[in-house]
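Please look at the sequence and the 3D structure shown below before reading on. The report after them takes up a few features one at a time.

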Amino acid sequence: MPAPRRYLRKIPRGTLGLVIGSATAFVELFYVVFGGAALAIPALRRPVFAGARALSEVERRRLEKYLGAENATDYTGRRAMTYLVPRCVVGLFSAGIFLLVGYGVVIGTYVAYQKTFGEWPGEGDVSDQIATVLLGVLLLFLSVQGLLGIATLERKLARHFFGPSKKEQLRRRVSELATSRAEVVEAVNGERRRIERDLHDGVQQRLVALGMLLGRARRTGDPDHAADLLRQAHEESQRALEDLREVSWRVYPIALDSDGLHPALEALAERSDLPVHLRVDLPERPPAAIETVVYFVTSEAVTNTIKHAAATRIDIEAGRDGGRVRVRITDDGAGGARVSGGGLSGLARRVAAADGEFSVDSPPGGPTVVTAVLPCG
């Protein structure tokens, strides 16, 4: 799905999340006032903190579902009570903005009704009409900016109070490393299977045909026929060498090791069956491991495009993105590619094994954009 469409789909969800947060703010304000007073009684502290944690869990789930903010769950009741204090204030601000928006909608509806069916200033008061419209647009803009600010503040508050503890960070990192290790093993096994398939379907078949031609040349008693068979055998050996060179290039191109990523991508573009437009902006060479991943992501994406996309053009862009390397492969094919597909899922595993990010944007009808972002540190 294109980025603008994804962004537009997030707007109603985020707005609904803010509306819910505005409503819960009144409950939280009541709880903070009376629950805070109850904390003066030692016997009531535990149930007050338990209630604060229940309310905070509602907020945490709301932020996760509607605003995409994931946070840890191992916070204490005391921390939850502390969180509710600024959270109810932010929610009340949000409620105030929605009330202003509602008031503006009512006034706008009234003005539109008066303009259509009732009395409205005549043509001589056009300046008043323009001023009213401009004021409405300005208030709408300020309201939108206010809601965006509220959403950002909501995320920051939750991250501050619910942010993962050291124990949670360690647990997540161990989980990521375990997943990464499994993905590395799967990526290596996938590469082995691909190499075996290329050797079996290509080089091995050429060598079998070469052996048969040489055998026939040895058995024939006709010198002219033998010479023709030897000529065919020579041509078959040349094709076998080309296939073997192709397989070895896909295993690891020599240009990548000796000259760097840019020359290796240039060689890849030259050997492609489709026109490839290459743009590389890497003032400094990335680490060898990152160059290898970028090259194989590009190579496999180009191969998939040639085989499946019915494209007429491929664009490759590689460059720095802060402390990371970003490569983007775009084609004008039929689209419909999915990360779950065989080739692309292998690329996703290879990128994940290097702590990178991998995405595919391929709506039906195209274009398809494959992006990989890898850390250089």
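The structure is a predicted model, and the protein chain averages a pLDDT of 81, with 85% of the residues scoring at least 70. Among the elements of the chain, helix α2 (residues 45-66) has the highest mean pLDDT, 92, whereas helix α7 (residues 254-258) has the lowest, 71.

An unreviewed UniProt entry carries the annotation "transmembrane region" for residues 20-44, 88-113 and 133-153. Two of these spans can be set side by side.

Although S94 and I150 are 56 residues apart along the chain, their C-alpha atoms are separated by 6.5 Å.

The aromatic rings come next. A pair of such rings is described by the distance of the centres and the angle of the planes. A search of the whole structure finds five aromatic pairs, and one of them is formed by F30 and F34, whose ring centres lie 4.5 Å apart and whose planes make an angle of 40 degrees, a tilted arrangement. Because F30 and F34 are four residues apart in helix α1 (residues 3-38), about one helical turn separates them. Are F30 and F34 buried or exposed? Both F30 and F34 are exposed.

In the pair of Y295 and F296, the ring centres are 5.4 Å apart and the planes stand at 80 degrees, so this pair is edge-to-face. Both Y295 and F296 are buried. Elsewhere, Y75, Y83, F161 and F162 form one aromatic cluster, and over the ring of Y75 sits the charged end of R53, 4.3 Å from the ring centre.

E284 is found in the loop between β1 (276-281) and α9 (288-309), and E284 is exposed because its relative accessible area of 56% is over the 50% limit. The C-alpha atom of E284 is separated by 9.2 Å from that of R320, a residue 36 positions away along the chain. Helix α9 itself has 22 residues and reaches 30 Å from its first C-alpha to its last, close to the 32 Å expected at 1.5 Å a residue. Helix α9 is mostly covered, since 17 of its 22 residues are buried, and A310, which follows the helix, has a positive phi near 55 degrees.

Strand β4 (residues 357-361) and strand β5 (residues 368-375) pair in the antiparallel sense over five bridges. Which residues of β4 make up its covered face, and which its uncovered one? F358 and V360 belong to the covered face, while E357, S359 and D361 belong to the uncovered face. F358 also has a bridge partner in β5, namely A372. The hairpin of β4 and β5 has six residues between the strands, and in this hairpin G365 takes a positive phi near 95 degrees.

Technical notes
Residues numbered from 1 in each chain as written. Predicted model: local features only at pLDDT ≥ 70, side-chain atom pairs only at ≥ 80, totals over all residues. Heavy atoms only, no water. Phe/Tyr/Trp six-rings, centres within 6.5 Å; stacked < 30°, edge-to-face > 60°. Helix = DSSP H or I, 4+ residues; strand = E, 2+ residues; numbered from the N terminus. Buried < 20%, exposed > 50% of the residue type's maximum accessible area, 1.4 Å probe, protein only. Lys NZ or Arg CZ within 6 Å of the ring centre and 35° of its normal. Expected span 1.5 Å × (residues − 1). UniProt positions renumbered as here; feature names shortened; annotations may be inferred. pLDDT = per-residue confidence, 0-100. Pairing = 2+ DSSP bridges.
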